[in-house]
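Hello,

Here is the structure you asked about. Please have a look at it first; my notes on what turned up follow below.

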Amino acid sequence: MRLPFRRRQAAHTPRLSPFSFFLTLSSLAASPTTAITFTPAPPANLDLSQLGRVALAGDFTGISLYQFEEQTERPFNTNGSESLLAQMPNGAFASVVNTDATIQTMCTFVRKDGTLEGVVIAGNFTSLEGQRSMAIALFDPNKSTVTKLDGLSGQVKAVLCDKESDTVYVGGNFVGENSTNAIAWVGADGWTNLPFAGFNGPVTSITKASNGHIIFGGSFTGLGNATAPSTPDGQVINLSAASITSGSSTTTQGFSDPKNIICKTSGVDGVGNTWLLQDNTPGFWQASLNFGFQPTKLRLYNTHQGGKGTKTWRFTALPISGIMNFTYIDPATGRNASCTSECPLSNDPSVTFQDFHFVNVIGMDAFRVDISAFYGNGGGLNGIELFGDDIFSYAINGFNEPTCSGLGFPSTATKTGPWVVTPSHSSTSEYLTAQLTSPITENSASIVFTPDIRESGHYSVNMYTPGCIQDDTCSSRGQILITGQMTADPTKSQPIDQELYQTNNFDKYDQIYFGTIDASSGSFRPQITMTPLAGQSLSNMTFVAQRVGFTLINSTGGLNGLYEYTPGAIVNASDFTKSAFNRLGASFATGSAVNALATSGDTTFVAGNFSSPTVRNIIAMKGNDATTQSLDGGLNGEVESMFSNGSSLYVGGSFTGTLDNNVQGLSNVAVYDTENNTWSPLGAGVDGKVLRVVGMTLNITGSTPEVVVSVSGEFDQLHAFGNNPAVPTTGFGIWVPSQSNWLENLDLPVQSINGVLSTSILDAPGGISLYAGSLSSAALGASGVASLGNTLGRFPVKVRAPTNSSGTGTLTKRADLSTDSTVSGVVTGAFDMSGGRNLTILGGHFTAAASNGSTINNLLLLDGLNKDEISGVGSQIDSNSTFVALAVQGDLLFAGGQVTGTVNGARINGLITYNLASKSFNTQPPVLSGGNGTVSSIAVRTSTGDVYVGGSFTLAGSLGCPGICAFSTGSSRWNQAGQNFDGTISAMMWATDNILVAGGNITINNTVSTFLAKYDAGTQTWDSYPGSSQLPGPVTALTAGTSDGSEVWATGLAPNGTIYLMKSDGSNWRPASQSFEAGTDIRGLQVFSLTSSHDSTPTVGSNEALVLTGSIVLPNFGSASAVIFNGTSFEPYALTTNSGNTAGTITHIFTEQNNFFTSSSGKLPLVFIVLIGLGISLALMLLIVLAGLFLDRLRKKREGYIPAPTSMYDRGSGMQRIPPHELLESLGKGRPGVPHV
């Protein structure tokens, strides 16, 4: 048991190789700040050069290639835990330091000599990276290490690093040293009390004004600290449930039990009332409690039984074994006295008891009273009591004040639900635990705490929660709702209504109330009720309850949420009016609170929940002249947070306009231009409260980051404005000032970011930015489809989940896509380049906006030849349809799935055809019916143009076609694909032009059941695929393993619920070398060629890799939307995010060309080899001819040949000079030899 504390980049970044990543960072090598590094992932080396355009289709809003090992698909945390974050080179965010709660504030601590101490991170966390660290720590970005700054207990809400004074000013709701709610960390000295010892209420913000003074803002009304009640020692510590032991007890019956003196306050001796030691023997009395306590007074009742009594004694605190010091009043002299190891106890029978006050108030959970000397023959006691100042109401009633104490209104707890007592472990006390099952409601369990409040006053009320590591319940801890009323007159106090997380790793407390509490009476008692928060998604919840503490707060008064501190000056608590800030706070109405402070130039902005005769909720103080600016009278609702950037002040809260009504439509978030003194909305705002406004830096239009503004809070939508539609969100948005728009609306290659940000540092050491929060992010924001090449790219279309979707936007594990009602997003796609067209066709279950403004449902055409015109196929298809398979044959698009509607007056079911040339419906094929009436796969036989359709149906029109049917585009009729097939098909592929391979639940010849079959189009017969009996379950996805189709990859679901992946070599099947984790859902398989080879394996060639798409859960990594298998191991390839704080999925990869087995650096196809050989042969023949001509001319020249005359005159005259007998003279002579060169 632990004793109680003493109370007093852009998406277009290409995938980096390790070497290129090193070069990218080499410019930073001289700076030690490169300690925040990210580990490059192994390059994928997929060869896309022979595929034309490549696209990834699925259900996602953001997508990243896996480039760094720190990337994940994990959603942002919703259990209250946050992290210190940094941005990776590809634009996604990664955690640097993990906590178990919120990081609420940060600052960079640089000493006046320029030494970087680190980044101060603070909040309400209890651990960093799983190690205990309470509320505040120092992060060293040079070493990526964390140093705990022990000494505070509670919650830190504000820090200010002041270089000039080597000081970090810290504010919040905490105790530390001798200060409450405010303290300083000074250079090498550590924690240092401020001259005023803190405030009587929490501090929420700290800033440094232009005059160098430190301004504190919060919910305080004066300087001060926690104080003891006016009647001290009023709380009785319950000893009745303690484990009582003794040493050297008497053997006399009725006097030997050490429990005799518990709850005995009469001082009467006798059997059952007195505990005695053995005669003439020292001894001890010991109590061990199951909770920690801090006693302030000990009351002892001496015995006089038989002339015996205790003369001297000592008190030892356990487990620290410390002998305590006391002060007391000597009953004989009436004077104050003190004692330590031999404290006297009076033997005067008229003295019923003696009170001893502890000099030092420390925590303990057990104690021992050692009796060293005695009156008469031995010592003993008639009673013992312990008292304290701490006001607690425990969930375990045995720890509350005892009923025997005679108190009028003792502290109690009332519980409902399946509560059990849990050991204290490392906590301060045992506590109650309730294991709840879904659905979680406020009626599942409850605890009502009723404290013993002796005097009315100003109190701080804290809820204590034991850590979850000690009882191994972190995964099942959730949120709680706390309600209560503290005053008899409800108008005199705000009711308690708070939601808290119980996911803390170690013990913590949260302030749940600060204000007036009425003393307990017969007509009113303060009460606090704790229940689970209803509607949590946990299937099993661990609900814990320990205690609630009430601390009376003393105060100087004179303040109201603002205090100006002059470092080095003497604090005069009797006169606060000299400060303009103090006077400003005093002008606010009672109960006001300052939530945020910001300084820009010589102006300090003050914001919160306050009002005065001239201003509400936000005001500015100008420089040394102490003049105020009303900012159009302020805002008409509370301001929660501010962020200042240059001349722009961004504010968030609960408001709709300015107080003077000059500006309306601000809707909870706005910007104030400090140069022009004007308010402007951010778009049209959001539909709920904004809790945090935090600056960020992102690459928007180039390589230079620019400042953008994130807002987090309790809203569900970014309001529509201008031409921008409303954007659903989970309480997060990013405003881009340079674009005057939300990031989510930009048609630019920007990141996708969702979650919550609490604070940031945009100028951290080394020029980096650090963030605190919990984010899910992707390198590229893209909805449902993205292009893949050297970089990821967006298509000029935005698809959204359909409004009538009943699902969550994620794929149901191994459900048939054609029948799964929860499917959303783009399920399939195709490029159509035939007939001079350039179309991208997308199918699935989604909505999108057409270029003409109409709504497209589930089937979309993107025309690249017509300025990327976006169109659909009209309204004849039911909007709840889902397309899962596409194929183009000639001008006809075949689209199948769970499809219904009426086309040209005819009912359609499962399949439609659409003329891409005319962009109109033609006469539809006879309707499919029977089974589920759905289509899962479409495969075109290239040689004939016949379109084979597989799925769950039994008839095509009136033709019996169970599970598969062939449509002849020439005759426009259905034909049976063999007559010995029955069953349903999930996947099909043409292995060759004559062999079709199909997977699913199949029966051949009415006798043979198989999960994979092949169809011979020549003989029109079906047979089991060789070795298919080795497959453990129905095949759901297929792909060719070799270019000739002789080998096949298959995946499916085994009977035990696991996913299998196997490859056939034509006769035998080999499983993949690794298995998948639970939750895996493989939707597609495709073999790719590689640009760089790996070691060859029996299943994957050295220059190939298998890509799996869907949602694949890998051991020691988690889920990935696409992974690569090299025959030995799986590596993530692509990660996605989705709306609703879920990971996305990739269902399909589609390409312009299907040359998957052709590599730009590998062997060429035979046709190219033949053509190249023919070209070489022709070239050689030409060279031989030219060489012959050259040698012939050379021979003639050596033999004296003269060119023949070309004129008719020369020819004639020559003939006249040649004698006739010489014309035939050489006929009998031989040819001269070949000339030699």
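C961 and C965 are joined by a disulfide, S to S 2.1 Å (a disulfide is a pair of cysteine sulfur atoms within 2.5 Å). Both cysteines, C961 and C965, are buried (under 20% relative accessible area; exposed is over 50%, partly exposed in between; 1.4 Å probe, protein chains only).

Two points on the source. This is a predicted model, with residues numbered from 1 along each chain as its sequence is written. Local features need pLDDT of at least 70, side-chain atom pairs count only at pLDDT 80 or more, totals for chains, interfaces and linings use all residues, and side-chain values use heavy atoms, with hydrogens and water left out.

The structure holds 5 disulfides. Another one joins C107 to C161, S to S 2.0 Å. The torsion about its S-S bond is about 60 degrees, so the C107 and C161 disulfide is right-handed. C107 lies in strand β5 and C161 in strand β11, so the pair ties together parts that are 54 residues apart in sequence. (Strands are DSSP runs of E, at least two residues, numbered from the N terminus.) C107 and C161 are both buried.

C263 and C404 also form a disulfide, with sulfur atoms 1.6 Å apart. Their link is left-handed, with -45 degrees about the S-S bond. C263 and C404 are 141 residues apart and sit in loops. C263 is partly exposed at 31% relative accessible area. C404 is partly exposed too, at 35%.

Numbered in sequence order, the bonded cysteines pair 1-2, 3-6, 4-5, 7-8, 9-10.

Best wishes

Definitions and conventions
Helices (H or I, at least four residues) and strands (E, at least two) are DSSP runs, numbered from the N terminus.
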